[in-house]
Amino acid sequence: PTPTATTAPEITTTPAPTATTAPEITTTPTPQATPDDSTPTGGCYIATAVYGSYDCPEVWTLRRFRDEVLSETWYGRLFIKTYYATSPTAVRLFGNADWFQTFWRGTLDHMVGQLQSDGFASTPYQDRAW
């Protein structure tokens, strides 16, 4: 057999936390809505429950904000991680309750309207690879 060249694996380091930096927080959402239910199996749980689809203009706007703004800071990534840890349970327990739908619809409509007026598009969106 002919010997093949090998390359050393790329090694990256994350600096130790200091007063101005925090450790890297990674998330691995797997966005998709279940076919028979408005409860998503990953990503944007509350918005998907409220709007009925992971692929609708309002959720596309929110996903853009998550990927373009929140994911760019350690505290944004912490929020994302906390959201993905808690929102599936909230949706499973309360997602079909009128009070939950009413509260979150108003909150999300306001947020989506503000994001869209700030320039976040409401067109089809492919999530950023985490």
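I began with the terms: helices (H or I, at least four residues) and strands (E, at least two) are DSSP runs, numbered from the N terminus. By that definition, Leu 78 lies in helix α3, residues 74-94.

**Ground rules**

I am working with a predicted model, in which local features need pLDDT of at least 70 and side-chain atom pairs count only at pLDDT 80 or more, while totals for chains, interfaces and linings use all residues. Residues are numbered from 1 along each chain as its sequence is written, and side-chain values use heavy atoms, with hydrogens and water left out.

**Overview**

I found four helices and two strands in the protein. Along the sequence they follow the pattern β-β-α-α-α-α.

I then looked up burial, where buried means under 20% relative accessible area, exposed means over 50%, and partly exposed is in between (1.4 Å probe, protein chains only). Of the 130 residues, 32% count as buried.

For the surface I used accessible areas from the Shrake-Rupley method with a 1.4 Å probe; for residues, only the protein chains shown count as cover. The accessible surface of the protein comes to about 8,500 Å², and 59% of that belongs to carbon and sulfur atoms.

Next came contacts, meaning heavy atoms within 4.5 Å. Among contacts with a separation of 6 or more, 64% are between residues 24 or more positions apart.

**Helix α2**

Which residues of α2 are buried? I have Val 59, Trp 60, Thr 61, Leu 62, Arg 63, Arg 64, Arg 66 and Asp 67 on that list. Their cover includes α1 (45-51), α3 and α4 (98-117).

I also followed Phe 65, which is in helix α2. Not counting residues up to four places away in sequence, Phe 65 touches Leu 70, Leu 115 and Phe 120. Phe 65 and Phe 120 are 55 residues apart in sequence, yet their C-alpha atoms are 7.1 Å apart in space.

**Salt bridges**

My criterion here was a side-chain nitrogen of Lys or Arg within 4 Å of a carboxyl oxygen of Asp or Glu. The structure holds five salt bridges.

Asp 55 pairs with Arg 63, with the closest N and O atoms 3.1 Å apart. Asp 55 is partly exposed because its relative accessible area is 49%, whereas Arg 63 has 2% and so counts as buried.

Asp 127 and Arg 66 meet in a salt bridge at 2.8 Å, N to O. Asp 127 lies in the segment after α4 and Arg 66 in helix α2, so this pair ties together parts that are 61 residues apart in sequence. I noted both partners as buried: Asp 127 at 16% relative accessibility and Arg 66 at 4%.

Glu 72 and Arg 128 also meet, at 3.0 Å, N to O. Glu 72 is in the loop between α2 and α3 and Arg 128 in the segment after α4, so the pair ties together parts 56 residues apart in sequence. Arg 128 is partly exposed at 34% relative accessibility.

Where do the bridges link up into a network? I traced one through Asp 55, Arg 63, Arg 66, Asp 67 and Asp 127.

**Aromatic rings and a nonpolar patch**

For ring pairs, I took rings of Phe, Tyr and Trp (its six-membered ring) with centres within 6.5 Å; planes under 30 degrees apart count as stacked, over 60 as edge-to-face and the rest as tilted. The structure holds nine aromatic pairs.

One of them is Trp 74 with Tyr 75, an edge-to-face pair at 5.6 Å centre to centre, with 85° between the planes. Stacked or edge-to-face for Phe 79 and Tyr 83? Their centres are 6.2 Å apart and their planes at 25°, so I logged the pair as stacked. Both lie in helix α3, four residues apart, about one turn of the helix.

I also noted one aromatic cluster, formed by Phe 94, Trp 99, Phe 100, Phe 103 and Trp 104.

My last look-up was surface patches, made of residues with over 30% relative accessible area and no salt bridge: like charges are joined within 9 Å, nonpolar side chains (Val, Leu, Ile, Met, Phe, Trp, Tyr) within 5 Å. Trp 74, Tyr 75 and Leu 78 form a nonpolar patch, with about 320 Å² of accessible area together. Trp 74 is partly exposed at 37%, Tyr 75 is exposed at 53%, and Leu 78 is partly exposed at 38%.
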